[in-house]
Structure formats: structure tokens, C-alpha cells
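Hi,

Here is the structure I promised to pass on.

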Amino acid sequence: MATISSAQPFAYSFPPGKTALIMIDMQRDFMEPGGFGETLGNDVSLLRAIIPGAKLLLDTARAHGIPIVHTRECHRPDLSDCPPAKRERGEPSLRIGDDGPMGRVLISGEPGVEIIGELAALPGETVLDKPGKGAFYATPLGDILKSWGTTHLLFGGVTTEVCVQTTMREANDRGYSCLLVEDATESYFPEFKAATIDMIRAQGAIVGWTATAAEAASALT
Ligand code: C5J
């Protein structure tokens with residue numbers, strides 16, 4: 001059992017052989033200019049600060065045989081899995097499925113859906129396309145984790161309060177003990193990231209624990 005004594009709100013213990021890392025949506029559409037994140041009016045450059053923390057987390061998992069699931073938020077080219085309410089919401093400069101500088105926005109197989117080069121999946125790692133904010137909805141994630149005998153989940157990715165938090169809350173309901181890695185996750189709104197971390201840790205780890213990538217790495221050495 002590995003233990004991060006400095007995790008918040010108290011020590012987090014996890015069995016490396018029953019732990020998986022879920023890296024949420026580190027794709028060009030959220031991380032680079034011209035993608036979905038920017039069409040919503042966000043400054044996507046803010047997210048790049050977590051690349052070193054996310055890389056450390058991936059490298060740590062790889063070094064310790066912890067399986068990795070990379071997710072990508074995207075839809076089928078015919079948009080049959082995109083609810084009209086999602087596509088029509090707000091006043092983005094480009095909507096889901098429109099042609100943009102990185103191909104059709106948030107459409108599977110398009111360049112914008114690729115995970116950024118620094119954090120790309122290695123052969124043998126699982127890459128799941130998900131149409132929702134949560135990674136369990138309309139994906140085989142639940143079955144995959146069951147087949148691995150997973151009991152504990154480490155989380156990184158973007159954005160903290162949307163796809164990461166949605167997935168972590170559902171994972172918590174499904175019985176997983178979850179750790180959010182603080183410097184491997186980011187939001188376009190720093191105050192939303194801070195609030196999410198506070199909410200997760202509140203009330204005796206009601207949704208899970210938080211710690212840094214370095215703390216997770218040193219717990220495993
Ligand atoms: C958003 C995500 N923010 N990956 N998606 O729309 O968090």
C-alpha cells in the first residue's frame with residue numbers, strides 16, 4: 001500500500017496494483033488556440049501550466065505499472081451522440097461540428113481531438129472517446145475498471161470543475177477512492193479550480209482527496 005501522508009483532507013492510501021490513472025481530455029481542442037475551449041471565449045494558454053505536473057503523473061504511473069486511461073471529449077461525425085441542447089448552447093464563435101482551424105470542432109478523428117504531444121498516450125494505454133462531460137457516460141470505462149479490479153483512481157486533466165469533477169463524482173458514487181492531482185488539473189477559471197479542490201476535500205473527503213504529482217510520486221518510491 002502506498003500512502004500520501006500530506007494529502008488533503010487527510011492521508012490517502014492506495015494499492016498500486018488496484019489503482020488506475022484517468023487523464024481527462026488533454027486534447028488540442030481544450031489546450032490550443034482555435035479549438036472548442038477558445039470558441040467559448042476562454043484563454044487556453046492558462047492550461048499549459050499543468051503540462052509538467054501531468055507529465056510527472058503519467059511517468060509515475062508508467063514507472064509503477066499503474067494502468068492509464070486517456071479520455072477525449074468528442075462526438076461522432078454525424079453528431080448523433082451530441083444532444084442539440086449541447087451544440088446550440090451559448091454564443092460560441094464555432095459550434096460543435098463546425099469547421100475550425102483544427103478540423104471539425106470536437107469531432108472524433110479530427111486533429112483537435114488529438115491529445116497534445118507532450119502527454120500523448122503510449123502503445124498499450126487506453127484511449128476512450130466520450131460524448132459527455134463525465135467519462136462513465138456512454139463509454140466502457142466502468143467495465144474496463146471492473147475488469148482490472150480497480151479500487152482506487154488518480155485523476156488529472158481538464159477542466160477541473162467540468163469533465164474532471166463530473167467524472168470524479170461519479171467514480172466516487174461507484175465506490176472508487178479518488179485522488180485529484182492538483183498540479184495535473186486546470187481550469188480556464190482559477191477560482192473554479194480552487195473551489196473544486198475545496199469541495200472535494202470538504203466534509204471529510206466527501207468526494208475524495210487531493211495531493212500534488214510529486215507527493216503521489218514519492219509515495220510510490
Ligand atoms: C469542457 C471538459 N470544459 N473537458 N470539457 O467543456 O472539461
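Six strands form an open sheet in the order β7-β4-β3-β8-β9-β10, and their pairing is parallel. At its edges sit β7 (126–130) and β10 (209–211), each of which pairs on one side only. On average, neighbouring strands of this sheet are turned by 25° against each other, direction ignored. Here two strands pair if DSSP finds at least two bridges between them, while strands (E, at least two residues) and helices (H or I, at least four) are DSSP runs numbered from the N terminus. Angles run from 0 to 180 degrees between N-to-C directions, with axes as lines fitted to C-alpha atoms, for helices over the stretch in contact.

Please keep in mind that this is a predicted model: local features need pLDDT of at least 70, side-chain atom pairs count only at pLDDT 80 or more, and totals for chains, interfaces and linings use all residues. Residue numbers start from 1 along each chain as its sequence is written.

The loop between α7 and β10 holds glycine 208. Is glycine 208 buried or exposed? Glycine 208 counts as buried because it has 23 C-beta neighbours inside 10 Å; the cut-offs are 20 or more other C-beta atoms within 10 Å for buried, 12 or fewer for exposed, and partly exposed in between, with C-beta atoms placed from the backbone. Leaving aside neighbours within four places in sequence, the contacts of glycine 208 (C-beta atoms within 7 Å) include Met168, Ser177, Leu179 and Ile200.

Now the ligand. Around it are Asp25, Phe30, Glu73, Lys133, Val158, Thr159, Val162 and Cys163, where near means a C-beta atom, placed from the backbone, within 6 Å. This shell divides into four nonpolar residues, one polar and three charged.

As for the whole protein chain, there are eight helices and 10 strands. Of its 221 residues, 43% count as buried. The C-alpha atoms fill a box of roughly 50 × 35 × 30 Å along the principal axes. Among contacts with a separation of 6 or more, 73% join residues 24 or more positions apart.

Enjoy exploring!

Best wishes

Terms used. Ala, Val, Leu, Ile, Met, Phe, Trp, Tyr, Cys and Pro count as nonpolar, Asp, Glu, Lys and Arg as charged, and the others, Gly among them, as polar. Two residues are in contact if their C-beta atoms, placed from the backbone, lie within 7 Å.
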